[in-house]
Amino acid sequence: MFKSIRWRIAISYVALFLLAMIGIGYYFTGFVREIYISQLQQELLREAELIAASFSPAMRAQVPAAEINEQVNLLAEEIDLRITIIDESGIVLGESEEDYTHMDNHLDRPEVIQARESGIGYSTRYSHTVGDFLLYAAVPIRVGQGLSGYARVALATSQVNQSITELQRTLLLATGIVTLVAIVLAMWIANISLKPLRELTLEAIRIANGDFQHIRKSGSLMISASDEIGQLTRAMNKMISTTQDHIQELTAERSKMSAVFEEMTDGIVIVDVEGNIQLTNKAVESMFSLSPESSTGNTLASVLRHYEIVELWQRCVDQSEMQSTSLEVRPQQLYLQVTATPLGKSLPGSVLLIFQNLTRLRRLETVRQDFISNISHELRTPLASLKALTETLQEGALDDPPTARRFLEQIEMEADTINLVVSELLELSKIESGRVPLNFTESHPQNLIHAAVERLSLQAERAQLMIRISCPENLPEVLVDSPRLEQVLVNLLHNAIKFTDSGGEIEISARENERNQVEFSVRDSGVGIAADDLPRIFERFYKADRARSSGGTGLGLAIARHLVEAHGGVIWAESEPGKGSTFKFTIPIKD
């Protein structure tokens, strides 16, 4: 018997009722109430059948309703029940609780309908006549084989409740006397029975909260019984195992999706049907300088503040079709391709916005166009000169040997210019692609500086410029490709000579900085560089002052930058118009 949780709960009801456990007492009361009502229904049925039998002769003799009502009242006082006699048409002939002459037709009452159809009718409902909930039982009154009416008896549920209360008191008194000794045993049994259920409940709460850390090392709950709790525990163990597997799968998928979502270079924004942002990733937050807190839950218009994006989203919502547009974001100076896609059945009404950063592609396109423009410019002048010289020679200058010789020398000079452009362009291409091998050796910065100055000293003298060297002898050696680094210094020094007026001064120096690097510097007192040109002077073919930059290819600084970076260094320029320029680069000190 104790293997059934029903019996354990029933015993627990008694014990916990004695300890004022209202909840379990309420359940027990309901249980008793159902049994009691079932018994009352049977009693009411028997009374109804007896009443039907006793009123059958009167119905056969068609006794007046007043006499029937009088008999009904007398009988009701004896059995303490409400009695109603109804003829076959539903007219009330006798009623113990109300004036039968003022009562409605009862043919549509549920218990009467059941009695007519099945011979027995029950119902529990509110009676407007009595003003209380009543328990009804009705049976047909037969005369011979025919139906002559219905006998109905009713009992107020308040009486049922009173009887149940009295029964409870009786049970409580009897239980208190009889089970004083059994209470301890019942409590012990209840404690033993409910302990695994309490443990199981705690585990279920933890699992519901997503906490699987308290599950035992075996990966399942301890099965301590073979009854219903044991069965429930086995079901819980299976659920835990399945749930853990699903959680692990979902976690792995979520991690993958989150990693992809967060590491995407394209910006992602999900907007709901009301225009509120539901989700963003790092890329779009970086593009628009946002934070997750300031974007999620707010409107698209208030967060991004670009009417083109809002209009794109609105078009996508209205037309339920993919839309795209291009826009430029300031002050970030980003060029974006924005695509809006309705999410359809996945998230009805929501729109996925994808922001593709085309800034680099646009800049590359600009560089490509600049490159074509620059190389065309660099080659157009010598080619035009060559064409003019050859046409002049063809028109008769060949007959004048001195003139022909001078033209040929100019042709050779223009050819050398074209060859220089092509050679430096090929050299730069090789350096950028890493196809130029660097032969690293230990070199002293002073030797590199002196070698570069020596190569350009004659050119500086012709320009009436003074070159000053500032390089401590105790500087550490650097690991470099000496010819290549010397080429960097020559390019910088050549630019300084070219853009410094006669009588000016150029200083080339080297020092050790705090980052364990040797910092080389070439400073001139020339015309300087405008602030707008500084960021681009290391681009190929870029010339800050084209009016004064004739004779150069525009590749020297680009070559210098790539060579310095190949040595693990950084190159930059500092300048103000009219105050000269300073070009600096760093080379790591040899370990």
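The legends below describe several close-up views of one predicted protein model.

**Basis of the views.** Residues are numbered from 1 along each chain as its sequence is written, and side-chain values use heavy atoms, with hydrogens and water left out. Because the model is predicted, local features need pLDDT of at least 70 and side-chain atom pairs count only at pLDDT 80 or more, while totals for chains, interfaces and linings use all residues.

**View 1. The chain as a whole.** The secondary structure comes to 16 helices and 17 strands, where helices (H or I, at least four residues) and strands (E, at least two) are DSSP runs numbered from the N terminus. Of the 591 residues in the chain, 38% are buried; here buried means under 20% relative accessible area, exposed means over 50%, and partly exposed lies in between, with a 1.4 Å probe and protein chains only. Among contacts (heavy atoms within 4.5 Å) with a separation of 6 or more, residues 24 or more positions apart account for 57%.

**View 2. An open sheet of five strands.** The strands follow the order S7-S6-S10-S9-S8, and their pairing is antiparallel; two strands are taken to pair if DSSP finds at least two bridges between them. Strands of a sheet pair through backbone hydrogen bonds, either parallel or antiparallel. The edge strands, each of which pairs on one side only, are S7 (277-280) and S8 (323-329). From one strand to the next, the twist averages 20°. Helix H11 (residues 307-319) packs on this sheet and touches S6 (267-271), S8, S9 and S10 (351-357), while its direction makes about 175° with that of S8. For such values, axes are lines fitted to C-alpha atoms, for helices over the stretch in contact, and angles run from 0 to 180 degrees between N-to-C directions.

**View 3. Strand S9 and its two partners.** On one side, S9 (residues 334-342) pairs with S8 in the antiparallel sense over seven bridges, and within this pairing Glu328 has Tyr335 of S9 as its bridge partner. S9 also pairs with S10, again in the antiparallel sense and over seven bridges, with Pro342 standing opposite Val351 in S10.

**View 4. Helix H14 against helix H15.** Two packed helices are described by the angle between their axes and the distance between the axes. H14 (residues 445-462) and H15 pack at an angle of about 35°, with their axes 9 Å apart. Their crossing is right-handed; a crossing has this name if the near helix is turned clockwise from the far one by less than a right angle, and is left-handed if anticlockwise. The residues that meet include Leu448, Ile449 and Leu456 in H14 and Leu485, Leu489 and Leu493 in H15. The contact divides into 12 nonpolar, three polar and two charged residues, where Ala, Val, Leu, Ile, Met, Phe, Trp, Tyr, Cys and Pro count as nonpolar, Asp, Glu, Lys and Arg as charged, and the others, Gly among them, as polar.

**View 5. Helix H15 against helix H16.** The axes of H15 and H16 (residues 556-566) come within 9 Å and cross at roughly 145°, and the crossing is left-handed. On the H15 side the contact is made by Arg484, Gln487, Val488, Asn491, Leu492 and Asn495, and on the H16 side by Gly556, Leu557, Ile559, Ala560, Leu563 and Val564. These residues divide into seven nonpolar, four polar and one charged.

View 6. Thr500 is found in the loop between H15 (482-498) and strand S14 (505-512), and it is buried, with a relative accessible area of 7%. A polar atom of the Thr500 side chain lies 2.5 Å from the backbone oxygen of Ala496. Beyond its neighbours within four places in sequence, Thr500 is in contact with Leu465, Glu505, Ile506, Asp524, Ser525 and Gly526. Ser521 has its place in strand S15 (residues 517-524) and counts as buried at 10% relative accessibility. With neighbours within four places in sequence again left aside, Ser521 is in contact with Glu507, Ile508, Ser509, Thr582, Phe583 and Lys584.

View 7. Gln464, in the loop between H14 and strand S12 (466-470), has a phi near 55°, a positive value in a residue other than glycine, and at 55% relative accessibility Gln464 counts as exposed. Asn516, in the loop between S14 and S15, has a phi near 60°, also positive in a residue other than glycine, and Asn516 is partly exposed, with a relative accessible area of 43%.

Notes:
A polar contact is a pair of N or O atoms within 3.5 Å; within protein, one must be able to donate a hydrogen and the other to accept it, and residues adjacent in sequence count only if both atoms are side-chain atoms.
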